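Please keep the sequence and the model in view while reading.

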Amino acid sequence: MHNAASLDSLDLRLLMALQEDGRLTNQQLGDRIGLSASQCSRRRSALEAAGLISGYRAELAAEALGLSVLAFIQVTLAAHSGNNSRRFREMLAGVDAIQEAYAMTGDTDYLLKARVPDLKGLSRLVNDTLLAHATVARVRSSIVLERLKESGRLPLAGLEQIAGGRNRPEA
């Protein structure tokens with residue numbers, strides 16, 4: 001089983017290459033990190049089985065698809081109870097416009113990231129979906145004016161120090 005402490009430098013280089021381009025074949029991956037295609041295949045399979053690679057997907061261009069408004073929404077629940085939290089989470093699961101949701105510490109209970117076509121879409125999401133839900137007491141939304149940085153990549157370079165120069169012998 002893999003964990004961050006058991007990753008070697010080849011595992012990290014493989015993961016960094018896949019973060020950059022998840023469509024790489026094992027041959028292309030091997031060419032990038034200095035292993036054979038079969039060695040890359042074994043390592044990739046082991047990393048997937050260990051849950052360190054959780055999936056592959058295409059990144060879609062939201063604005064080109066007509067989803068022009070990106071908003072962050074802070075939600076405060078009406079009452080803090082397990083039942084209220086469960087009902088709110090169940091509601092979130094059915095709302096496609098909400099891309100990400102986080103339970104927070106501090107004044108806000110949840111922080112949501114939403115993509116909608118326009119301001120009317122945001123108004124419907126806030127008023128007809130969130131505020132209309134019995135669990136919600138307060139909603140505060142912020143519209144993104146300009147995205148300065150976006151990355152789904154994890155900072156794996158910092159883990160190289162943990163892995164050091166360790167390379168497992170190949171089977």
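The points below go from the whole chain to the sheet, and then to the strand pairs within the sheet.

The structure is a predicted model, and local features are described where pLDDT is at least 70. Its secondary structure comes to six helices and four strands, which follow one another along the sequence in the pattern α-α-α-β-α-β-β-α-β-α.

**Overall dimensions and surface**

- The protein has a radius of gyration of 21 Å, whereas a compact globule of 171 residues would have one near 16 Å.
- Along the principal axes, the C-alpha trace spans about 60 × 40 × 25 Å.
- Buried residues account for 33% of the 171 residues, and the accessible surface comes to about 10,900 Å², with 51% of that area belonging to carbon and sulfur atoms.
- Of the contacts between residues at least 6 apart in sequence, 68% join residues that are at least 24 apart.

**The sheet**

- Four strands form an open sheet in the order S2-S3-S1-S4, and their pairing is antiparallel.
- Strands S2 and S4 (136–143) stand at the edges with a single partner strand each, so one side of each is left without a neighbour in the sheet.
- Neighbouring strands of this sheet are turned against each other by 20° on average, with direction ignored.
- As a general point, strands of a sheet pair through backbone hydrogen bonds, in either a parallel or an antiparallel manner.

**Strand S3 and its two partners**

- Strand S3 covers residues 110–116 and is mostly covered, with six of its seven residues buried.
- On one side, strand S1 (residues 69–77) runs antiparallel to S3 and is joined to it by seven bridges; within this pairing, Leu70 has Arg115 of S3 as its bridge partner, and Ala71 stands opposite Ala114 in S3.
- Strand S2 (residues 98–103) also runs antiparallel to S3, and five bridges join the two strands; in this pair, Glu100 stands opposite Lys113 of S3.
- S2 and S3 together form a hairpin with six residues between them, and Gly106, which lies in the turn, has a positive phi of about 95°.

**A question to take to the model**

- Which strands of the sheet stand at its edges, each with a single partner strand? They are S2 and S4, while S3 and S1 come between them in the strand order S2-S3-S1-S4.

Definitions and conventions: Residues numbered from 1 in each chain as written. Predicted model: local features only at pLDDT ≥ 70, side-chain atom pairs only at ≥ 80, totals over all residues. Heavy atoms only, no water. Buried < 20%, exposed > 50% of the residue type's maximum accessible area, 1.4 Å probe, protein only. Pairing = 2+ DSSP bridges. Axes fitted to C-alpha atoms, helices over the stretch in contact; angles between N-to-C directions. Rg over C-alpha atoms; globule rule 2.2 N^0.38 Å. Contact = heavy atoms within 4.5 Å. Areas by Shrake-Rupley, 256 points an atom, 1.4 Å probe, with all protein chains shown as cover.
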